[in-house]
Amino acid sequence: QDMADFAKQAARLPAKENSFRWLYLNQRIEAVSPFLSKSEWEANGAAPEVPLGAPCWAGLDLSASRDLTALVLVFPIDDKFHVVPHFFLPSQGARERGKIDGGPYDTWAKQGFMTLIDGPVIDPSVIAMAVAEISQDYDLQLLAYDRWRINDFQRELDKLGAQIPMVSFGQGFKDMAPAVDKVERLVAERKLCHGANPVLNFCVANAVITQDPAGNRKLDKKRSFSRIDGLVALAMALGCMSTDGEVVMASPWDNPEFKLAV
């Protein structure tokens with residue numbers, strides 16, 4: 001029965017397949033393991049339904065100057081988690097960047113799934129303005145961020161006078177493992193409503209995880225097939241809230257920038 005149960009789990013969750021094949025079937029396996037299956041992700045494709053003023057949590061994955069930046073909002077409503085992603089890319093060279101990454105960025109921008117920022121690099125003021133506007137429309141409880149370039153983003157928020165509750169979210173196993181587990185569990189339970197956003201779909205399809213000797217997992221940008229920024233931002237948003245919706249600070253001893261919402 002144990003073998004049957006693990007086999008069913010491995011069939012549904014690609015991240016579990018390699019472990020099952022290696023430990024239970026004694027088969028040679030590939031080192032790279034995909035995170036989520038296409039069918040499981042698509043089963044969560046219901047459109048998000050979010051009223052104005054609803055509480056939300058956010059994850060921000062700021063990119064290098066020319067790459068994709070992802071801002072993902074998660075709204076816990078009626079036992080579901082409604083996902084609203086925002087993507088940003090410099091307009092100059094967007095088509096060429098898309099060819100490198102394997103995604104039709106220019107087409108997605110025309111369809112309204114991505115915002116192209118004027119110029120050759122990401123302008124943090126545009127991201128800050130988007131976050132400030134979101135905080136006016138919704139009850140933004142907490143924004144989890146990667147420390148990369150966060151000082152530029154914070155400076156732009158200060159210029160706008162936007163008081164955004166924020167927390168640093170580590171990209172290592174300690175902080176990411178619980179977040180990755182939560183993403184996988186909610187997908188398996190059909191509790192995400194992501195609306196089949198094509199840019200987020202692209203990020204999910206590219207995602208690969210790595211595992212430490214203790215079994216903790218994290219998303220691995222270097223080993224993934226292409227951009228995974230949207231999934232990273234989603235994991236951070238889910239990771240900074242508990243199952244009952246209360247704020248959970250990922251690493252309080254490492255977060256002097258944390259601002260408690262009033």
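Which residue does the side chain of R190 meet in a salt bridge? In this predicted model, the partner is E40, and the N to O distance between the two side chains is 2.9 Å.

## Overall build

The protein chain is built from 10 helices and 10 strands, and 48% of its 262 residues are buried. When contacts between residues at least 6 apart in sequence are considered, 68% of them join residues that are at least 24 apart. The chain exposes about 12,700 Å², of which carbon and sulfur atoms supply 52%.

## Salt bridges across the sequence

A search of the whole structure finds 17 salt bridges, among them the pair of R190 and E40. Because R190 lies in the loop between α8 (173-188) and β8 (192-193) while E40 belongs to helix α3, this pair ties together parts that are 150 residues apart in sequence. The two partners can be described by their accessibility: R190 counts as partly exposed at 31% relative accessibility, whereas E40, with a relative accessible area of 6%, is buried.

Another of these bridges joins R227 to D67, with the closest N and O atoms 3.8 Å apart. R227 is placed in the loop between β10 (217-219) and α10, and D67 in the loop between β2 (55-61) and β3 (69-77), so that the pair ties together parts 160 residues apart in sequence. R227 counts as buried at 18% relative accessibility, and D67 is buried with a relative accessible area of 13%.

A bridge between D79 and K191 has its closest N and O atoms 3.4 Å apart. Here D79 lies in the loop between β3 and β4 and K191 in the loop between α8 and β8, so the pair ties together parts that are 112 residues apart in sequence. D79 counts as exposed, at 55% relative accessibility, while K191 is partly exposed, with a relative accessible area of 21%. Elsewhere, salt bridges that share partners join D61, D67, R97, D101, K221, R227 and D229 into one network, and the pair of R227 and D67 described above is a bridge between two of its members.

## The loop between β2 and β3

The loop that holds D67 also contains S63, which counts as buried at 3% relative accessibility. The side chain of S63 reaches the backbone oxygen of D67 at 2.8 Å, and it also makes a polar contact with the side chain of T69, at 3.0 Å. If residues up to four places away in sequence are set aside, S63 touches L68, T69, I122, W148 and R149.

Helix α9, which spans residues 198-206, is mostly covered, with 7 of its 9 residues buried. The buried residues are P198, V199, L200, F202, C203, V204 and N206. Which elements take part in covering them? The cover includes the helices α3 (38-42), α4 (94-101), α5 (105-110) and α10 (229-239), together with the strands β4 (80-90) and β9 (208-211). At the start of α9, a side-chain oxygen of N197 comes to within 3.0 Å of the backbone nitrogen of V199.

## Aromatic pairs

A search of the whole structure finds 4 aromatic pairs. In one of them, the rings of Y105 and W108 have centres 6.0 Å apart and planes at 50°, and the pair is therefore tilted. Both residues lie in helix α5, where they are 3 residues apart, about one turn of the helix, and both Y105 and W108 are buried.

Y105 and W108 form one aromatic cluster with F202. F202 is one of the buried residues of α9, and α5, the helix that holds Y105 and W108, is among the elements that cover the buried residues of α9.

Technical notes: Residues numbered from 1 in each chain as written. Predicted model: local features only at pLDDT ≥ 70, side-chain atom pairs only at ≥ 80, totals over all residues. Heavy atoms only, no water. Buried < 20%, exposed > 50% of the residue type's maximum accessible area, 1.4 Å probe, protein only. Helix = DSSP H or I, 4+ residues; strand = E, 2+ residues; numbered from the N terminus. Contact = heavy atoms within 4.5 Å. Polar contact = N/O pair within 3.5 Å; in protein donor to acceptor, adjacent residues only side chain to side chain. Phe/Tyr/Trp six-rings, centres within 6.5 Å; stacked < 30°, edge-to-face > 60°. Salt bridge = Lys/Arg side-chain N within 4 Å of Asp/Glu carboxyl O. Areas by Shrake-Rupley, 256 points an atom, 1.4 Å probe, with all protein chains shown as cover.
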